[in-house]
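User: I am new to this structure and would like to learn how to read it step by step. Could you take me through it slowly, feature by feature?

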Amino acid sequence: MDPAVRASRDLFERLLDPEFVEVGSSGRRYAYEDMLAWLPEHQGSSRSGPRYRPSAIEGVLLAPGLVHLTYETDFDGRHARRSSLWRKRSEETGWRMYYHQGTPVPPEAA
């Protein structure tokens, strides 16, 4: 969620699994290359703009090398609940996000 990482393809691609998939709040599916191209231009990627503020972070080890992470974010007054799967294929590659989905939370449900 660090703007410096989000704005840098080099840094960001180290965190995404080559088989990464995201289902956006619009229902659109994003693959690895989509995210690498889109993210530097997305809100939250500028040091001078609004930042994501995470909270309620919880992780569950599902299997060796596979963690399910859930958390909530606030971004410029918009609240979302998020879920991601992180996998570790080797010590060299480390942990990388394999799947992500974020669901906007309307103010009355927060």
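This is a predicted model: local features need pLDDT of at least 70, side-chain atom pairs count only at pLDDT 80 or more; totals for chains, interfaces and linings use all residues.

User: How many bridges hold E5 and E6 together, and in what sense do they pair?

Analyst: Strand E6 covers residues 95-105, and its pairing with E5 is antiparallel, extending over 10 bridges.

User: What does the hairpin of E4 and E5 look like?

Analyst: That hairpin has 2 residues between its strands, and Asp76 takes a positive phi near 55° there. E4 and strand E5, the latter made of residues 78-88, run antiparallel and are joined by 10 bridges. Phe75 stands opposite Arg78 in E5, while Asp74 has His79 of E5 as its bridge partner.

User: In which order do the strands lie in the sheet?

Analyst: The open sheet consists of 6 strands in the order E2-E1-E6-E5-E4-E3, and their pairing is mixed. At the edges are strand E2 (29-31) and strand E3 (52-63), each of which pairs on one side only. If direction is ignored, neighbouring strands of this sheet are turned by 15° against each other on average.

User: What pattern does the protein follow along the sequence?

Analyst: Read in that way, the pattern is α-α-β-β-α-β-β-β-β, and the secondary structure comes to 3 helices and 6 strands. Of the contacts between residues at least 6 apart in sequence, 40% join residues that are at least 24 apart.

User: Which residues make up the largest nonpolar core?

Analyst: The general idea is that in soluble globular proteins nonpolar side chains tend to be buried together. Here the largest nonpolar core has 12 residues in all, namely Phe12, Leu16, Phe20, Tyr30, Tyr32, Met35, Leu36, Leu39, Leu69, Tyr71, Trp86 and Met97. At least two residues of this core come from each of strand E1 (16-23), helix H3 (32-38) and strand E4 (66-75), and H3 gives the most, with 3 residues.

User: Is Ser84 buried or exposed, and why?

Analyst: Ser84 counts as buried because its relative accessibility is 1%, and buried means under 20%. Ser84 has its place in strand E5, and its side chain makes a polar contact of 2.9 Å with the side chain of Trp86. Once neighbours within four places in sequence are left aside, Ser84 is in contact with Val67, His68, Leu69, Tyr71, Met97, Tyr99 and His100. Among these contacts are Leu69, Tyr71 and Met97, which also belong to the largest nonpolar core.

User: How much of the protein is buried, and what is its accessible surface?

Analyst: Of the 110 residues in the protein, 32% are buried. The accessible surface comes to about 7000 Å², with 52% of this belonging to carbon and sulfur atoms.

How values were computed: Residues are numbered from 1 along each chain as its sequence is written. Side-chain values use heavy atoms; hydrogens and water are left out. A nonpolar core is a set of buried Ala, Val, Leu, Ile, Met, Phe, Trp, Tyr and Cys residues joined through side-chain atoms within 4.5 Å. Buried means under 20% relative accessible area, exposed over 50%, partly exposed in between (1.4 Å probe, protein chains only). Helices (H or I, at least four residues) and strands (E, at least two) are DSSP runs, numbered from the N terminus. Two strands pair if DSSP finds at least two bridges between them. Axes are lines fitted to C-alpha atoms, for helices over the stretch in contact, and angles run from 0 to 180 degrees between N-to-C directions. Contact means heavy atoms within 4.5 Å. Accessible areas come from the Shrake-Rupley method with a 1.4 Å probe; for residues, only the protein chains shown count as cover. A polar contact is a pair of N or O atoms within 3.5 Å; within protein, one must be able to donate a hydrogen and the other to accept it, and residues adjacent in sequence count only if both atoms are side-chain atoms.
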